[in-house]
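Cover the contacts, the pockets, the aromatic rings and the backbone.

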Amino acid sequence: MQGTAIAQPNIALIKYWGKRDVERNLPAVGSISVTLRELYTRMRVEFDESLGADTLTVNEAPDEIMLPRLASCLDEVAGVDRPRARIASTCNFPIAAGLASSASAFAAVTVAAAEAAGKTFDIDTLSSLAGRASGSAARSILGGFVELQNCDDAIRCRTIKDAGDWPLSVVVAITEKGPKAVGSTEAMEISRRTSPFYSSWVEQQQEDLDTARSAIAERDFEKLASIAEHNCLKMHSIMWASRPPMVYWNAATMRCLQTVRQLQGEGIGVFFTIDAGPQVKAVCLPEHVDVVEASLRSTAGVADVMTTGLGEGARLEEGA
Ligand code: 2P0
């Protein structure tokens with residue numbers, strides 16, 4: 001009655017922003033991401049008939065904040081009549097700070113809970129279950145370059161290129177380690193309700209997805225860089241124009257963008273993307289990773305830098 005799984009966060013190059021069905025947590029748009037290798041969440045789920053309530057530890061400390069969402073995810077996977085569970089999460093990067101910790105957490109807990117419940121699901125079911133808990137988690141079920149397709153009544157995730165077939169690097173510049181002020185779920189709803197740019201975002205997304213998909217198929221770095229930066233800045237423009245406005249960036253975020261622009265001017269293969277937080281993710285060609293890492297590390301206001309390659313999807317941990 002137990003299972004342990006590990007999952008990596010993913011970084012969207014073509015972003016998910018907005019929901020078409022809040023109840024079922026279905027996104028308004030498709031998205032494309034890369035699953036990372038070095039950052040991880042490990043989740044152990046143990047169902048125990050003798051427990052009176054679900055419990056959660058995060059990095060060995062009791063945690064109440066994530067528990068309700070994780071408990072609902074267990075209900076979806078194992079059924080509402082499941083035994084109560086002991087959930088233990090370990091994570092090697094800052095949580096709820098715009099580093100996609102919910103993606104890796106919900107992908108890992110879905111796979112771990114299925115094992116603990118003795119259930120075998122196909123990839124589409126695992127993605128749907130993880131995505132119901134957190135939209136971006138659906139993509140962390142798979143590795144490499146992943147496209148989340150918004151189908152009529154569901155979502156479907158596919159690896160469109162394996163990590164080994166285009167081994168890009170990602171340098172994450174952490175400019176603020178604390179949790180963000182407004183969670184993504186709430187921020188997406190404020191955007192949908194109030195931003196004058198929201199409807200054109202939804203309308204244009206298919207074109208951005210098509211461009212990124214072909215750039216990835218052709219391994220055309222310049223083309224991917226251009227569409228990913230455009231899509232990222234469009235997403236933040238929606239938020240800036242919302243009421244109340246939502247600005248996740250800080251001064252160091254902006255300085256990191258300037259660093260990336262400077263590197264691009266020197267012929268370095270790098271582009272930026274930013275999620276619902278102040279961290280900057282610089283995607284680069286592996287031969288340029290050292291200079292990108294050094295430049296971001298020496299950018300004023302950068303607290304830490306994490307460098308990673310692209311990795312695999314969520315999986316059960318061997319021997320656990
Ligand atoms: C993404 N983000 O595509 C986008 C870009 C943040 C910015 O998916 O409400 O935590 O749980 O479905 O998955 C973050 O949103 O949102 C996110 P919910 P989630 O990665």
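**From the ligand outward**

Start with helix α5, residues 184-194. This helix gives three residues to the shell around the ligand, the largest share. Keep in mind that the model is predicted.

The shell holds 18 residues in total. Tyr16, Lys19, Gly135, Ser136 and Thr185 come nearest to the ligand. By class, the shell divides into six nonpolar, seven polar and five charged residues.

Ser136, one of the nearest residues, has a side-chain N or O atom 2.6 Å from an oxygen atom of the ligand. For Ser134, the distance from a side-chain N or O atom to a ligand oxygen is 3.0 Å. Arg69 places a polar side-chain atom 3.1 Å from an oxygen atom of the ligand. How much of the ligand does the protein bury? Taken alone, the ligand exposes 470 Å², and the protein buries 93% of that.

Next, the second largest pocket. Its volume is about 170 Å³. The lining consists of 14 residues. Closest to the pocket's centre are Lys180, Ala181, Val247, Tyr248 and Pro278. Nine of the lining residues are nonpolar, three are polar and two are charged.

Turn to the aromatic rings. A pair of aromatic rings is described by two values, the distance of the centres and the angle of the planes. Across the whole structure, a search finds three aromatic pairs. One of them joins Phe145 and Trp166. Why does this pair count as stacked? The ring centres of Phe145 and Trp166 are 5.6 Å apart and the planes meet at 20°; stacking requires planes under 30 degrees apart, so the pair qualifies.

Finish with the backbone. Which peptide bond is cis? The bond from Arg243 to Pro244 is, with omega near -5°. Pro244 lies in the loop between α7 (221-240) and α8 (251-265).

Glu60 sits in the loop that runs between β7 (55-58) and β8 (61-62).

Terms used: Residues numbered from 1 in each chain as written. Predicted model: local features only at pLDDT ≥ 70, side-chain atom pairs only at ≥ 80, totals over all residues. Heavy atoms only, no water. Near = heavy atom within 4 Å. Polar contact = N/O pair within 3.5 Å; in protein donor to acceptor, adjacent residues only side chain to side chain. Areas by Shrake-Rupley, 256 points an atom, 1.4 Å probe, with all protein chains shown as cover. Helix = DSSP H or I, 4+ residues; strand = E, 2+ residues; numbered from the N terminus. Nonpolar A, V, L, I, M, F, W, Y, C, P; charged D, E, K, R; others polar. 1 Å grid on protein atoms, 1.4 Å probe; cavity = no way out; pocket = protein on both sides within 12 Å on 5 of 7 lines; lining within 4 Å. Points joined across faces, edges and corners; volume = space filled by probe spheres on them. Phe/Tyr/Trp six-rings, centres within 6.5 Å; stacked < 30°, edge-to-face > 60°.
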